[in-house]
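Thanks for making time this morning. I would like to take you through one model, and I will keep to what can be computed from its atoms.

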Amino acid sequence: MNTIIIDGLSFALPLFIMAIGGIYCERSGITNLAIEGLQGFGAFCGALFAVSIAGSFAGNSPVPFYLAMVFAFLGGMLFSLIHALLCIRFKANQVISGVVINILAMALTEFLTKQINASIFGAASNKFVLGVSARLTVPVISKIPLLGAVFTNLYPFELVIVLIAFLAWFVLYKTRFGLHLRACGDNPHAVDAAGIRVGRVRLIAVMASGALSGLGGICFAYSISANFSSNIYSGYGYLAIAALIFGNWKIMPTLGACLLFGFARSAGYELVKVLGMPSTYQDLVMLLPYVLTLLMLIFFSKKNHAPRALGEIYDKGAR
Amino acid sequence: MSDYIIEMNHITKRFPGIVANDDVSIKVKKGEIYALLGENGAGKSTLMSMLFGMYEPDEGEIIIRGQKVKILSPSHATELNIGMVHQHFKLVSNYTIAENIIMGMEPVKKHLGFIKSVDIKKANQEILELSRKFGLEVDPTKVIEDVNVSIQQRVEILKMLYREAEILIFDEPTAVLTPQEIEFLLEIIKGLRKDGKTIILITHKLEEIKKVADRCAILCRGKLIAVLDVAATDTKTMANMMVGREVSFTVDKKEPKFGREILKVENLTVKNEDKFDLVKDVSFTIHAGEIFVIAGVSGNGQVELADAVAGLLKHSAGRVILNGADISNYTIRRRNLAGISYIPEDRHNVGLVMDFSLSDNLALKNYFEEPFSGKGIVREGEFAAYGERLIREYDIRSSQGNNTIVRSMSGGNQQKAIIAREIELGSDLMIFVQPTRGLDIGAIENIHRQIVAQRDAGKAVLLISLELDEVMNLADTIGVIYNGEIQKIADAKTLTPGQVGEFMMGVGHK
Amino acid sequence: MKKKNGLIQKIILSTIGHEKRQTYMIPVFSILISLIVGAVVIAFLGKNPFLAYYNLLQGSGLAPKASYAGYKGIITDFASFLNALTPMLFAALSVIIALKAGLFNIGVSGQMLAAGFTATILIGYSVLPAAVAKPLVVVIGFVMGALVGALVGYFKHKFNINEVVSTIMLNYIIQYIVSFFINTFYVDPVSRQSKTVGAAGRLTLTDVVIGSYKMDIPLGILLAAAGIVVTAFLLKKTTLGFEIKAVGSSVRAAEYAGIRVGRTRVLAMMLSGGFAGLAGVTYYVGYFASIQPRVLAGTGYDAIAVALLGNSSPVGIVFSSFLITVISKGSTYMSSASGVQPEIASAITGVVLLFSACGAFVKYKVDRWKEER
């Protein structure tokens, strides 16, 4: 039971932070199917930085990991500028832009990883090996039955994510910027008339989405996969999108959806282990979150209301 | 220094293909109500959009309080104490009234000395006080999508006052209001003048100008025709100057000859997604040769009623009977074939496929029938011949005839195309929803003549209109709708405009 | 203010200003820019970009290599190129039909896998004679793809599920299910892939001796040619095509015109899935003869680039699929000949995609300039 909670959380939280990025972007009125590409490119930047500096630190030093988080954050933000440019400046179709960015990110990182490994590190490999981040256990509280598992074997990034998530919640719902951002997704003309630059608000929203996706990506790289490679594109970006749709584009309900994904996944693995099934049965566990997503979409898609101006191209001149 | 608060001198603004303002000069005194009169497309809104910083004039200068200024953006206009209520309200539908008003100048409170958050309590209090001061009472905590248009308009006015605007521009403010609400609004405008505000009123309604304005500038096709002292001029003169020729206010119409019953609507109820009644238990009958007008203020369920008759919306109770047959469960296609033509409210998103060619749009409702296609294969030659005939007979103007993409056509010609298509279907029932919205007087007269011609040809006409003039001019029978319910059905001759207005407000309801 | 851009404006206007030329000049521009970007990267890596690009042509059988092994020549390379081109054409048709209906089918790869796997286990491993087996593979491929496509269309219609999300989810679901079955029942212990299908069912004739060459001839290429003609006819000449385009342009207007939007969408997705299925069987039971578990074919994603580049026109994709296939097919040879990583091929394709996504903006901008003049 404890393993289910521990593993479930470490999967759900990176997913959650990516979904929050998606919420920012979509509540500002820009459809974001590019989460996966942003996640991958961000993680690539973080991982590249980590392996470049790994030599200067002791093997178990946590510093490269924290720096990798910073660079993943920045890398995702940088890559999201493409989406911002296409959607805001070029007024391109936002769905197409998102998908194009995903494909481009996958192709670019695959090529660059291999090329950099070959020409700089002199190794024929398609991945950056990162290892798994150290874990910590909060004393005393972790002894509480069941609930204690939440505080056991935590990845440090889980705490960072919780902190950032709270900050993101505060900004979105309590500050002037958050008020402007959410208004952009409903009626950008009203925002414009109030003397606020819609393009600027949306640009920041898209960049926030890129940064948070990159952060989520590096967390996956340091936990589940323990390396960076193109395998990191496992549809997690789309799971994050599904989560925010169930969450009705609101932060707290989205957390619920992410936790559900996380626990379903870890419970599935536990089941395979407990029942002693052969390893090929892992494939059946792997598809659980995706099936769950489809089922939940069937129940929730019709009821939920997307932001009213989502995906619409905003043209100032049009009255 | 002059005693004018606004001077716009020799303003010219061109858009691709048209000159929206051609060397227009106006001067507005502080504390007056200045009306801009003109048809749709005369350039009134464009002129004011430049004053509000939405466009930059190509030529000419703007002087505010004696200072030459370049107004770069709406927020710059706000700094100059200029405010504007747009024709289409610019409100965030899922925000509260207070959030809408404060947006862009939110009061903030600090936590721990440096973390700032929006102080919504303070905002609510300020807005309550402001609204009481100007007699525009609202509940700041209500969400916009839950309040009616007249309250939404109050929010727009409060938005200007909250920003301490001294120059208030109203763009067609009465278009969406009932006669009684219009009275109230005009009183508010007069009250604002008393508080020393300068008001510019854009309108094409002469009575309103007569009631409140001090002076009036008349625009016609982008040019300034005259500036008149309202008290010294009669409405007929103003109307002729506005149109540039003699206008008749009434439509020539013979006595109706009612034939058999074509449409019978019985206890029709339509609900929205949230199971809220949009149309409640509505019943009426339309005969051949009858124009039945549903009068009502925008958003009272009349569009949903038309959609339900045409099959675009499902009804939850009641029956729709056409020529004696119950068509309640028919699909849209079957209803069309059974004899319904429908000119929808939204010609851009519903009435036309904007990226299709004109000929494809003209055949949009019969592309699947002989002679346009057979065995699932379309015959392009038939599309072209049909399109050419309709373009000729209905005088639809476009750059490339049949092959014109309708998106590039003018609003008036788009509407002509829809009406041509629907009339040619030869249906027994013609539904028109706000067919003249946004068109100029010439086009309006033309459409009114076609509606009467359809009636005289023995069709049953269901017309949905928000304009009281249109209702009174065209109707044989009037049904007034309020809040989804029919308030009154009567022979048009037995009702005065005032009575219709009262029913539109739901006042006549017992 | 804009004077300094005058010259560039003039050049661009004179090349792509003409409306009729725009349809192909904008894609050509995207390709040129991408190739230049690619060349700069290759040059930066210390390799000769012209040589590398020439290697791409050599690898695709469009230019002669320096030397060939026995029974091989430029013609065998070209036959192999056609083997790769066939599924690409089908996949692009699949993307186009969905796009015309306003749907974005990025689940082509999953639909390919579902069709390819089903045809493999039902027919590929059977002992049916070729005359029966080959047509059956085609039919099963189409039907299986169409079923998956119809499911996506139904989800969209009935539950309003964004097709991008549902197709991606189905991609993963299909990928894991197929992987489970292959690893449990059909695995070849040496190659770690599914067992090879028999020659009778395979849509590519292998090692056909013509003159002094031995080559693999893809029968599917004829089917693909027919598919292009059928799609062009469907979209231009039929009432169903009219309905699909109407739904794709404006759902509300189509509904108002009496078109059953849900039915049209499901039909369009069925056709789209069907073509993806054909791509699947020509790929897994033609070009290749086995399936690698847990891997989706890149063809489905490349097809999006092909469709966008080809202006979503059935004729346009003939040219664009040719180009994209040259890049992806020739990359292996380029890698061995000039030492550039083969993954640069998909990176260049990605950049092509990026620029073609900007096509609408370029068109808009050029039209504005024209108006200003």
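This is a predicted model: local features need pLDDT of at least 70, side-chain atom pairs count only at pLDDT 80 or more; totals for chains, interfaces and linings use all residues.

Let me start with chain A and chain C, where 41 residues of chain A are in contact with 40 residues of chain C. Together the two chains bury about 4,000 Å² between them, and 78% of that area lies on carbon and sulfur atoms. If we ask which three residues of chain A supply more of its buried area than any other three, they are A:Phe111, A:Asp283 and A:Leu294, which account for 15% of what chain A buries against chain C.

Several helices of chain A give two or more residues to the side that touches chain C, among them H3 (63-89) and H9 (236-246), while H4(A) gives the most, with 13 residues. By class, that side of chain A has 28 nonpolar, seven polar and six charged residues.

Now to chain B, where strand S11 (residues 215-220) and strand S12 (residues 223-229) pair in the antiparallel sense over six bridges. Within this pairing, B:Leu219 stands opposite B:Leu224. The two strands form a hairpin with two residues between them, and B:Arg221, in the turn, has a positive phi of about 45°.

Note on methods:
Residues are numbered from 1 along each chain as its sequence is written. Chains are lettered from A and ligands numbered from 1 in the order in which they are written. Side-chain values use heavy atoms; hydrogens and water are left out. Two strands pair if DSSP finds at least two bridges between them. Helices (H or I, at least four residues) and strands (E, at least two) are DSSP runs, numbered from the N terminus. Contact means heavy atoms within 4.5 Å. Buried area is the accessible area (1.4 Å probe) that two parts lose on being put together, summed over both. Ala, Val, Leu, Ile, Met, Phe, Trp, Tyr, Cys and Pro count as nonpolar, Asp, Glu, Lys and Arg as charged, and the others, Gly among them, as polar.
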